[in-house]
Amino acid sequence: MHLIQVDSVQRWMEDLKLMTDCECMCILQSKPISLEKDEQNELILSSQYSTCDNLQLLLKRAWIISTELTRIAQKLEKNRWQRVHSMTVRVNCHVHSMINEYNTFSRSSSEEMHQLEKLLIDKCSEFTAFTERCLQTEDEEILKSMKSCVNETLTTVAQYFGQLIELVLTQEAQSLLRQIELSGSLYSTESAVSGLFSLAQEGAHLCRIIAREGGVVALFKICRQDCFRCLYPQTLRTLASICCVEEGMHQLEKVDGILCLADILTDTSHSEATHAEAAAVIAQITSPHLTFTQHLSSFLENMEEIVTALVKLCQEASSGEVFLLASAALANITFFDTMACEILLQLNATKILLAACSDKGIVDTPYSRDQVVTILANMSVLDQCASEIIQGNGVQLLMEMLFEKSSSGNAAEAAACERVQQKSAVTLARLSRDPEVAEAAVKLSCIPRLIKLCRSPTERNNSDSVLVACLAALRRLAVMSPDGLEDSDFQQLVKPRLVDSFLLCTNMEESFV
């Protein structure tokens, strides 16, 4: 489960005034208090529930119980019975608190829920009593025979706990979806969509539950009603989150979600925010990292309309965020089907993307440049693309992208910079089969830059993928302009097999030590 990471001291300060209930029970039932060093790592959570985010509190409590159960198993393995018992008592406290808290704010509670709650509470009490008996026994043989029973009880507690959390989350999703179905009120629908979005942010498992309970169907129903137009951006953002899982994708296909998205993108009466969020859904469902996009047969039927609308959105984007979402969708579509590249050529997309890159207010991050160069790299397999690149001063842009560097030191940004360098080198290698492009690249001093990227690991952030791409581009340019290389560069970077040059460059740092 997703848990927001915060400073441990800050968490302790926030919970300090609220943690007495759980601690008092631990003290009363677990004397003497352990003096072991790892006591400072005990997890404590307020027993009072938050009125503004009850579900978040429930998930935090569930995460803590799950963590404690894992730690009990670890202590049990080391036969640290005192710790096992005190932690068992604490889990018992947390389970009682979690159930009480949920029943306080829950809008519905089924007979199945009550049965599971009783099973879990009874098993936790049995577990606590069991570990207390172990604590009072010093005979090693008896403890050894009891250990397997304790392990079995621990497994059962974890199983009941998992089933209860699954049921709680399912009922929460069902309640929110029921609220959408029965409400004609804008406020009530907005509240339910917001609740679904919060649930979806907790990870793939929650997205599966929402999809399984009909969340995708309900959200697309909203997107087909004009009276909810102001909720479209929020609804589409929630859909993008849910469609990261296969169940969400299948539901999208069943309700003709692609056709709905195409209608929204091509409807000029919608706001830019709505178009941007629709683009985000397209980017999600066409992601090349997903392995379950092949069933999106209806996408091909609507692809030309969608690509046209996305190119227009890139051209008219009023902010970097809107451009990023639209260009990310286009980049993914170029992986999804090669016909998209031909459509992009017909729409003069190369010219539009290159023009956007010259506007620092629109293409303002390595992430946006990553999307642009991805599109160019995939389009560069087409022969007609070379002339478009030259006319739009694209070789100059590709050269600049070879210098892409992270300014913040952030790991995600550094990875994006590597992708920009790699894809710009790949694009140069592909386009340089055209003598005119190769000549332009040589004039812009691409060869010295490629050599530096090959020879200096720090220039490419020690990326092997950047190195391979640069070696390939260098070899292509060397064929067109052999005079641009010194003999040592030719002998080491061009003449040998690619794998030998690669090994030479990756070992360069070691050879100078």
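What covers the buried residues of α22? In this predicted model, the cover includes α19 (385-391), α20 (394-401), α21 (411-431), α23 (446-455) and α24 (464-480).

**Helix α22**

The residues under that cover include Val437, Ala438 and Ala441, which are buried in helix α22 (residues 435-443). Viewed down the axis of α22, the buried residues lie within an arc of 100°, so they line one face of the helix. An α-helix has 3.6 residues a turn, so residues three or four places apart point the same way. Pro435 and Lys443, on the other side of α22, are exposed.

**The chain as a whole**

Of the 513 residues in the chain, 52% are buried.

| Helix pair | Angle | Axis separation |
|---|---|---|
| α16 (residues 339-346) and α18 (residues 366-379) | about 105° | 9 Å |
| α7 (residues 186-200) and α8 (residues 204-212) | about 140° | 8 Å |

With an angle of about 105°, α16 and α18 are therefore roughly perpendicular to each other. On the α16 side the contact is made by Cys341, Leu344 and Leu345, and on the α18 side by Ile375, Asn378 and Met379. Sorted by class, these residues of the α16 and α18 contact are five nonpolar, one polar and no charged.

For α7 and α8 the angle is about 140°, and these two helices are therefore oblique to each other. Leu196, Leu199 and Ala200 of α7 meet Leu206, Cys207 and Ile210 of α8. The contact of α7 with α8 divides into six nonpolar, no polar and no charged residues.

Ser241 lies in helix α10 (residues 232-242). Is Ser241 buried or exposed? Its relative accessible area is 18%, and Ser241 counts as buried because the cut-off for buried is under 20%. Setting aside neighbours within four places in sequence, Ser241 is in contact with Phe197, Ala200, Gln201 and Cys207. Among these partners, Ala200 and Cys207 also take part in the contact of α7 with α8.

**Cysteines**

How many disulfides does a search of the whole structure find? The search finds zero. Cys341, one of the α16 residues in the contact with α18, is in no disulfide. The nearest cysteine sulfur to that of Cys341 belongs to Cys385 and is 8.4 Å away, whereas a disulfide needs sulfur atoms within 2.5 Å. Cys341 is buried, with a relative accessible area of 4%. Cys124 is also buried, at 2% relative accessibility.

**Thr155**

Helix α6 (residues 140-182) holds Thr155. At 51% relative accessibility, Thr155 counts as exposed, because the cut-off for exposed is over 50%. Thr155 and Ala73 are 82 residues apart along the chain, and their C-alpha atoms are separated by 9.3 Å.

Definitions and conventions: Residues numbered from 1 in each chain as written. Predicted model: local features only at pLDDT ≥ 70, side-chain atom pairs only at ≥ 80, totals over all residues. Heavy atoms only, no water. Buried < 20%, exposed > 50% of the residue type's maximum accessible area, 1.4 Å probe, protein only. Axes fitted to C-alpha atoms, helices over the stretch in contact; angles between N-to-C directions. Helix = DSSP H or I, 4+ residues; strand = E, 2+ residues; numbered from the N terminus. Parallel < 35°, antiparallel > 145°, perpendicular 65-115°, else oblique. Contact = heavy atoms within 4.5 Å. Nonpolar A, V, L, I, M, F, W, Y, C, P; charged D, E, K, R; others polar. Arc of directions from axis to C-beta.
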